[in-house]
Amino acid sequence: MKISLRLIVSLVVVLTAAIALFTLSQTRQEYARSTNELLRRAQLLGEGLQEAAAPALAAQNARALQRIVDKFANRERLAGIAVFDPAGATLAVTTSLQDVASFVRPQTVLESDRDQARLIERDGRTFHVYALPLTDDDRVLGVLAVVHDADHIRARVTQIWTENFLRLLTYAFVIAVTTLIVVRWSIEGPIARMADWMKQLRLGNGTAAKPPISGPLFKPLASEAARMVNTLAQARASAEHEARLRLTSESLWTAERLKEFVRTKLQGRAFVLVSNREPYVHTRRGKAIEWVVPASGLVTALEPVMRASEGLWVAHGSGDADALTVDEHDRVRVPPDEPVYTLKRVWLTKEEEEGYYYGFANEGLWPLCHIAHTRPIFRGDDWAAYQAVNAKFAAAVLSEIKESPEPVVLIQDYHFALLPRLIKTARPDARVGLFWHIPWPNPEAMAICPWQRDILHGMLGADLIGFHIQFHCNNFLDTVDRALECRIDRERFSVTREQQTTLVRPYPISVAPWFEPDPGPQAREALLKEHGVSPTVRIGVGVDRLDYTKGIVERFRGIERFFDKYPDFREQFTFVELGAPSRTHIPRYHDLVSEIDAEAERISWRFRTKTWTPLIFLKQHHTHHDILRWYRAADLCLVTSLHDGMNLVAKEYVGARSDGTGALILSPFTGAARELTDALIVNPYDTEQMADAIRYALGMPSEEERRRMANMREQIRSANIYRWAAALVADVAEVRVASPEPFGA
């Protein structure tokens, strides 16, 4: 209360001084304006009277002068007119003026021989007197006096002071009430809510959601409080969830269950995960160093595995401040705010990154594996860089596991096709797994690569190779069968080459289950308001890295066809594309971004109105929180990949729909289409089918919508990321490392 009183008194004092100064200035301006207005009127009237009265005045004809004076006496605010002779005697005067000489003082005007104007007070009234000499050539004929009523000036000045005083009283009252409300609402209220939030969490009656306070003032408090209670809330939620599962005899995988499972399977052995993309990037912002989580489905999928295993993640250090945060062994504990596992960074030169990553991996293997109508480019220099970087990563991994017996190494994706063989050759006791996150093409397509045999030989150094779906496993075995001399067991789905047996298995990757409750319509309205969209408009969303495999241009054309075919939905539906730029200095990606920009602008220009935009393209990197907000706001999600290993966006959208509504329109060329069979499956190349699917999704009966979404949510709930990780880690950890019988035995 003392704080509120001090604020109120201070604000009222400052406001009083400001209003007083403002009022003083305003009254002076009003006084000058009104006085000048009366002077102007008097001067105009004086000029007219001078012409009319000059002949009569020259003749000293008092009767004629009186008639002239009486004729002009009916002007607005005019109190009276008087004419004097050169001696100061009154020749003519209106009847309204009394004691006219004391008003005018004609002798003063005659002596100065120039006009005079002044305000005078008389009998409680205010008059404006304007007197001027009347001359004929060089001869003074007399004096003319014009007297106006000036009471309105004083009344106006008084009114201004009164109004501003009342305004001051009003402002003071408003300030007092507002200060009390603001202090109560912005300081006392948030602190009380924060205390209650922490109390409820402590008692187990709340959830570890975002703290109920925000803003710069409370940011440090909110941040620390969130970190303090988040661990407690997560642990309690996991424990309760596990208890429910035990009661219902369910076998749902959770983070806690995965953690215990991984510990059991590893039995104290070292666990190393290798990927090109690092889970946390340190960057400079001015003099400060900040960390960010890169936009990557791979990072999202593997983070729970590393938290559970508390192992070592080896990745390329790509941040401009990464080198400043590691120790002498290039390691740093992560996550930065609550360290659980270790990140080891491998440093690449610009030339190595250009050749290995942008060149061979993303201009060669990526388009080759996706078969998305972009010609793969293979260069000898890029292949040499790819080999060198794989060797560099192998050296980094081997240095970390040199003291660890029978370590488990899990390698990620097409960037490291050679790495399994390099590690297995140096450490035959290591259990090595390789998970290939992108599709594997048919043998004819793979044969395009000049170094196909080297890639397959490197991959078959792994004890286990995982793909998203069985179809990719089949393609891989067919490719190996045609390209290499080896023994293939199609019943066990294994390949034996040079006394090394490799199992080939499908592991459909997924997302973590979401337990957060739906925030309600207010959150949706707030999000749409931020982007100038009416809350009554239906929303579609697409979330993609800007890649030619994602079918974004085809998606936009399907939306265009939808508005052409179903014009009733114009101004009733808006599609929002969240596109994260990627690999933009590769010519094909640079051209793609320009193409997507052009299509978005062209379609928007065709249909938009003053109050509605059909397509919003948000081209930037988005946080997981922002993406979640759009998932929950959208009535439908479009996933139109031309070729995709799995596509986690489809699963993330389903996982985010905690209210049980929403529709997923899904390309059959994604791995997710094999699992999410209740989605509306559409060919992204068929714009008619896509337009019809959007129309059906927006008009789908509520019962069908909820049934489809419930089935999909149950699918990703049971087949979640923890189950994927458990299966993969278990199969790698349990593989037999003893050499099989020699080939042909």
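Reader: At roughly what angle do the axes of helix α16 and helix α20 cross, and within what distance do they come?

Author: This is a predicted model, and what follows is read from it. Two packed helices are described by the angle between their axes and the distance between the axes. Here helix α16 (residues 552–565) and helix α20 (residues 687–699) have axes that cross at roughly 65 degrees and come within 8 Å. Angles of 65 to 115 degrees count as roughly perpendicular, and α16 and α20 are therefore roughly perpendicular to each other. The crossing of α16 past α20 is right-handed.

Reader: Which residues of α16 and α20 meet?

Author: On the α16 side they are Glu-554, Arg-555, Arg-557, Gly-558, Ile-559, Arg-561, Phe-562 and Lys-565. On the α20 side they are Thr-687, Glu-688, Met-690, Ala-691, Asp-692, Ile-694, Arg-695 and Leu-698.

Reader: How is the packing of α19 and α21 described?

Author: Again by angle and distance. Helix α19 (residues 648–656) packs with helix α21 (residues 702–718) at an angle of about 110 degrees, and their axes are 9 Å apart. That angle makes α19 roughly perpendicular to α21. The crossing of α19 and α21 is left-handed. From α19, the contact is made by Lys-651, Tyr-653, Val-654, Gly-655 and Ala-656; from α21, by Met-709, Met-712, Arg-713 and Ile-716.

Reader: Now the strands. In what order do the five strands of the open sheet stand?

Author: Strands of a sheet pair through backbone hydrogen bonds, either parallel or antiparallel. In this open sheet the order is β2-β1-β5-β4-β3, with antiparallel pairing. The edge strands, β2 (90–93) and β3 (116–122), each pair on one side only. From one strand to the next, the twist averages 20 degrees.

Reader: How many bridges join β1 to β5?

Author: Strand β1 (residues 78–84) is joined to strand β5 (residues 139–149) by six bridges, and the two run antiparallel. Within that pairing, Val-83 has Leu-144 of β5 as its bridge partner. Helix α2 (residues 62–72) packs on the sheet and touches β1 and β2. The direction of α2 makes about 30 degrees with that of β2.

Reader: Is the pairing of β11 with β9 parallel or antiparallel?

Author: Strand β9 (residues 312–316) and β11 run parallel, joined by five bridges. Val-314 stands opposite Lys-344 in β11. With strand β10 (residues 331–334), β11 pairs in the antiparallel sense over four bridges, and there Val-334 stands opposite Tyr-341 in β11. β10 and β11 form a hairpin, with six residues between them.

Reader: Why is β11 largely enclosed by the rest of the structure?

Author: Burial is read from relative accessible area, with under 20% counted as buried. Six of the six residues of β11 (residues 341–346) are buried, so the strand is largely enclosed by the rest of the structure. Tyr-341, Leu-343 and Arg-345 point one way from β11, while Thr-342, Lys-344 and Val-346 point the other way; all are buried.

Reader: Is Gln-452 buried or exposed?

Author: Gln-452, in helix α13 (residues 452–459), has a relative accessible area of 13% and is buried. Leaving aside neighbours within four places in sequence, Gln-452 is in contact with Met-446, Ala-447, Thr-479 and Ala-483.

Reader: And Glu-111: buried or exposed?

Author: Glu-111 belongs to helix α4 (residues 106–112). Its relative accessible area is 67%, so Glu-111 is exposed. The C-alpha atoms of Glu-111 and Pro-133 are separated by 9.7 Å, and the two residues are 22 residues apart along the chain.

Reader: What covers the buried residues of α11?

Author: The buried residues in helix α11 (residues 419–426) are Leu-419, Pro-420, Arg-421, Ile-423 and Lys-424. Their cover includes β6 (271–274), α10 (380–401), β12 (408–412), β13 (431–435), α13 and β17 (500–506).

Reader: Which residues touch the most other members of the largest nonpolar core?

Author: In soluble globular proteins, nonpolar side chains tend to be buried together. The largest nonpolar core here has 95 residues, and Val-274, Trp-436 and Phe-476 touch the most other members. Leaving aside neighbours within four places in sequence, Trp-436 is in contact with Cys-369, Asp-413, Tyr-414, Ala-417, Met-459, Gly-466, Phe-467 and His-468. A second, separate core has 73 residues, among them Trp-253, Leu-273, Val-543 and Ile-627.

Terms used. Residues are numbered from 1 along each chain as its sequence is written. This is a predicted model: local features need pLDDT of at least 70, side-chain atom pairs count only at pLDDT 80 or more; totals for chains, interfaces and linings use all residues. Side-chain values use heavy atoms; hydrogens and water are left out. Buried means under 20% relative accessible area, exposed over 50%, partly exposed in between (1.4 Å probe, protein chains only). Two strands pair if DSSP finds at least two bridges between them. Axes are lines fitted to C-alpha atoms, for helices over the stretch in contact, and angles run from 0 to 180 degrees between N-to-C directions. Contact means heavy atoms within 4.5 Å. A nonpolar core is a set of buried Ala, Val, Leu, Ile, Met, Phe, Trp, Tyr and Cys residues joined through side-chain atoms within 4.5 Å. Angles under 35 degrees count as roughly parallel, over 145 as roughly antiparallel, 65 to 115 as roughly perpendicular and the rest as oblique. A crossing is left-handed if the near helix is turned anticlockwise from the far one by less than a right angle, and right-handed if clockwise.
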